[in-house]
Structures are given as C-alpha cells and as structure tokens.
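Have the model open beside you and try each task before reading on.

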Amino acid sequence: MLIWVAFISLIILFLAMDLGVFNKRDHVIRSKEASLWTALWVTVAFSFSGVVYWLFSAGLLENPTAMTPNQAVLNYITGYLIELSLSIDNVFVIAVIFSAFSIPPMYQHRVLFWGILGAIVFRALMIVFGVALITRFEWAIYVFGVFLLYTAFKMLKSDSIKFDPKRSLVFKYLRRIYPLTHHMKGRHFFIKRMGIKAATPLFVALIVIELTDILFALDSIPAILAITADPFIVFSSNIMAILGLRSMYFLISRMLSKFRFINYSLVVILGFVGLKMLGSEFIHVEEWISLTVIVVSLAAGIISSLLIPESNPDSITGE
C-alpha cells in the first residue's frame, strides 16, 4: 500500500502545483504553452516506465499476473498510448461543450482542472471494479471484448461525432434539480442573483465534461484491461494519460479537422484489443505486438491525414 499511497500523493502534488503555482492566474493557453506542457507530461509519463521497471524488478508491488519487469514496462506504455489515443474523441467533445456554453478561453483550464480531478476518482473506481470483475468472473473478458468490437463498428460507421450538450440528458436533469444562470462572474462556478444561488455555465460545462468522460472510460478501461489486469499498471497508465489531457486539448483542439483519418486508427486499435480479449484463451499475443499495432495505427492515421489532400478543402473549416 505504501507504493500506492506514494503514487497518489505524487499525482496530488502535480495537480496542486498545476493550479496553485503554474496556473494560479487565469489566462488563455496559447499553442506554444500547450506544446511545452504536452511535451512535459509525455516525458513524465514515459520516464515513469523506469519507475515501473524498478518496482517490479525489486518486488515492491504485488504481481498477480506474474509479469517480468520488461513485460510490465511494455504493458504500461501500451496502456498509456491506448488511453492517449482514445482521448482524441474526448478532446473533440470538450471543444463542443465549451462552445455550446460559451466558456471564455481564459477559464477553460480551470474547468478542465476540476474535470480531470473528478475523472481520476471515477476512473479509479471503474478500474477497481473492472479488475475485480475479470479476476472473479473469467467470462467478463468476453463481454468487454464484444463491447469494444461494437464500439469500433459504431465508430467506423459514423463519419463524425454528433453531440449537442444542451440537448443531453445531463443538462436537462441538472436544469431541473438546480437553478442555472446564463450569466458568469469571472471564474466562479456559482453566483447569487436575487437571493438565489445559481450555477454558472462554468459549473454546467464541468458536470457535462465529467459525465461524458465516464462514458468515454467505458471504452478506454476495457481496452487497457485487454493488455493487462494488473491494477497498478492499469491505474498508473490511465492516470498519466489523463494528466496530459488538458494540455493536449489546448494543443490539438484547433487542429482536429486536419487529422481526419485518425478515426480509422481508433477503429483499428479498439478492434484489435477486442479481438485480443475474445481470443485470450486460445492465442497469447506478445506485449511488443500489441504496442506495435497501436503505434503503427496511430502513425498511419496521422501521416495519412497530413499527406493525402482533401477532396473538398472548403468543406472543413478550422480555427
């Protein structure tokens, strides 16, 4: 438990420094700043693979799946890349939510900070439940596999994500149970108007982002569980990817229209891990094969988007 406490304490320290030191003053996150933060978080995430190797080689963690240190590192990196790649759709939805509720760029980082904090808690609960389910009921892995294949098929058939936050069930129920206002007062989530405390668009956007992230976790967590059922690897790879989601949002949200083939990369990744789950009893897929499939799929989607010209450039507008 000491290792778990130390890791969670490190995450809390990162978050406290982020909001309390580096982003104490609300400001617009420019592309250059977002690039530097994204590079930093990716470096931290990959550097943590050295910690994973040390923990497993020294026997400081329980090892229920009997992984070697090298296997643990490969599984950690694979899980991290899966979560990072599946976050691309999440970035698109966050951009739609901010636009729908007219959230000023200056306060978007604050909303995402608290959204990420809540996501860490919910992801931890879902990981514990998912690992326990697979450990106790072997058939659960086939359920996850079928679900991932269905998600991949649905993603393949859909040309784009259609999501209207103001028509979502979350927004409708929130409006019924708590007073909402269209007015904002700086960075505040709640304001008092005519003696009534009401939630501002910042808070509404936060709740919608929080709950949509849970929906996205229904894809990403089973995908990581297809790689390994080790709780620490699943949790650490997932959380490291989430920590970099904010800076990645500010970096790529303006460029989403350029990566028009990345959707097919996600289809391949989800399809692969789904088939891996379904065939886990009959075929053992080496860790390096899973990592190679994910890296090649992502690279192919990005390179194709950059090299293949648009058939109708005027059909896509970007910032």
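**Exercise 1.** In which loop is Leu60 found? Work out also whether Leu60 is buried, partly exposed or exposed.

*Solution.* First, a word on the source: this is a predicted model, in which local features need pLDDT of at least 70 and side-chain atom pairs count only at pLDDT 80 or more, while totals for chains, interfaces and linings use all residues. Residues are numbered from 1 along each chain as its sequence is written, and side-chain values use heavy atoms, with hydrogens and water left out.

Step 1: Leu60 sits in the loop between helix H2 (31–57) and H3. Helices (H or I, at least four residues) and strands (E, at least two) are DSSP runs, numbered from the N terminus.
Step 2: Leu60 has a relative accessible area of 41%, so it is partly exposed. Buried means under 20% relative accessible area, exposed over 50%, and partly exposed in between (1.4 Å probe, protein chains only).
Step 3: The loop between H2 and H3 also holds Ala66. Ala66 has a phi near 55°, a positive value in a residue other than glycine, and is exposed at 59% relative accessible area.

**Exercise 2.** Find the salt bridge in the structure and describe where its partners lie.

*Solution.* Step 1: A search of the whole structure gives 1 salt bridge (a side-chain nitrogen of Lys or Arg within 4 Å of a carboxyl oxygen of Asp or Glu).
Step 1: The partners are Glu83 and Arg123, whose closest N and O atoms are 3.0 Å apart.
Step 2: This pair links distant parts of the chain, with Glu83 in helix H3 (residues 69–100) and Arg123 in helix H4 (residues 105–136), 40 residues apart.
Step 3: Now check the cover. Glu83 is buried, with a relative accessible area of 3%, and Arg123 is buried too, at 2%.

**Exercise 3.** How many residues of helix H8 are buried, and what reach does H8 have?

*Solution.* Step 1: H8 (residues 231–243) has 13 residues and spans 18 Å from its first C-alpha to its last. That is close to the expected 18 Å, where the expected span is 1.5 Å times one less than the number of residues.
Step 1: Of the 13 residues of H8, 12 are buried, among them Phe232, Phe235 and Leu243.
Step 2: Look at the start of H8, where a side-chain oxygen of Asp230 comes to within 3.1 Å of the backbone nitrogen of Phe232.
Step 3: Move on to helix H9 (residues 245–252), where 7 of the 8 residues are buried, so this helix is largely enclosed by the rest of the structure. The buried residues of H9 include Arg246 and Tyr249.

**Exercise 4.** Where is Ser102 placed, and is Ser102 buried or exposed?

*Solution.* Step 1: Ser102 belongs to the loop between H3 and H4.
Step 1: Ser102 is exposed, at 52% relative accessibility.
Step 2: Its phi is positive, about 50°, although Ser102 is not a glycine.

Methods: Polar contact = N/O pair within 3.5 Å; in protein donor to acceptor, adjacent residues only side chain to side chain.
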